[in-house]
Amino acid sequence: MAFSRIELRNFRCFDALTIDISSKSNLFFGKNGCGKTSILESIYVASCGRSFRTSNLESLIKKGSNSFKIKAYDDNTGSILEVKKSKSKAISIKINNSLVTTSELARTFPSFSIDSKTFFYNDNAPDYRRKHLDRGLFIASTDYAKDWFGYFRGLKQRNAALKIGDISQARAYDETLINHGTKLNYLRESLVLEVKKIYFDFVKILEQHNSRAQLFSEIDIHLKSGFNDELGLKESFIKSESADLKRKSTTLGPHKADIIFESKDLLIKDIFSRGEQKMLSILWSLSQNIYLEKFFKLSPILLLDDLSSELDAEMLNCFLPIIKYIDNRFIFSNIVDSFNSKIDLNEQSFKKFHVEQLT
Ligand SMILES: Nc1ncnc2c1ncn2[C@@H]1O[C@H](COP(=O)(O)OP(=O)(O)OP(=O)(O)O)[C@@H](O)[C@H]1O
Ligand SMILES: [Mg+2]
């Protein structure tokens, strides 16, 4: 499902705001502080009950008010979503008047955000990239979610046994970890393989418009499973027992996985400029969204805050043709409307909102 109309009440700087979004691309533009990030944030909150900016949801309530409310409508199904947060109360989420959990919400209205943290995807710690990948699969596949919980429950117990130096107790969890872990690794590998294909297709489009895009095609992307692939998970656990006992925790396994981006054996984070890193993160996230739609029949919203920050005019122009190929709901913000007459976009599928004029 996907939203077509969003109504905000006492959310951040907005008293009341109604927005009808396009099912394809939507640009929110306007000067600093006009509320662009807040609009994207409201859509993210409405799709997972969390903010990409803060863990303190109270800061989203308009100063001087006691609660915020977000109402969203899905024209295709007629579903109505209501998210409410009052001061010192937990967030309440209802779909068609029935309370739902945040994970039910995320599965019904999936969204992914590319924000200031995601811009430098490669600069983040491995667990950031792992979470990014896991979140997509978690929402898309209930089997993946079950294996994920099964694996991490087993891991917790194995680590508790290692903490007291009881190796036979720790070994008792190996089978659970191998069962669930093998499936997690398989789905992660399939994701990386398929997302890579979509990514390189995007890069080809970019290359047609700008030779600088060649840089993005010279990248090697692969999943680091977190264990020895040749030995497999079972043998890896056996081999790492003494290290595990010494460290008092499970040193190998899918919980140590990462996605590696390299160019000629050098890590992208060590060589790419900030603009290049940001562009790469955008292309990778877009590709992951398309994969989730294609393989899991999910219709995720992609939110991208501040498109042009860190990107020079040429790099920005390089991205414009890509927008035409995005069939998912794509919602992005920019200080200025750099899209006038620069690209032949179908009016129906591309909506622009001047945020200063919305209130
Ligand atoms: N709880 C709140 N109550 C009232 N105003 C708030 C609240 N939280 C944030 N603001 C204000 O809302 C305004 C919009 O913030 P927002 O971050 O959405 O702006 P923006 O358009 O993304 O700006 P920029 O271009 O600088 O990123 C800011 O002036 C901010 O100070
Ligand atoms: Mg902003």
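Select R12 to begin: R12 is partly exposed, because 19 other C-beta atoms lie within 10 Å (a residue is buried with 20 or more other C-beta atoms within 10 Å of its own, exposed with 12 or fewer, and partly exposed in between, C-beta atoms being placed from the backbone). This is a predicted model, in which local features need pLDDT of at least 70 and side-chain atom pairs count only at pLDDT 80 or more, while totals for chains, interfaces and linings use all residues. Residues are numbered from 1 along each chain as its sequence is written, and chains are lettered from A and ligands numbered from 1 in the order in which they are written.

R12 sits in the loop between β1 and β2 (14-20), where strands are DSSP runs of E with at least two residues and helices are runs of H or I with at least four, numbered from the N terminus. The phi of R12 is positive, near 50°, although R12 is not glycine.

Next, select N10, which belongs to strand β1 (residues 5-11) and also is a non-glycine residue with a positive phi, of about 50°.

Then show ligand 1, which has 15 residues around it, with C13, N32, G33, T37 and S38 coming nearest (a residue is near if its C-beta atom, placed from the backbone, lies within 6 Å of the molecule).

Finally, colour domain 1 (5-110 + 300-357) and domain 2 (123-269), whose bounds come from an automatic or database domain assignment. Their centres, taken over C-alpha atoms, are 30 Å apart.
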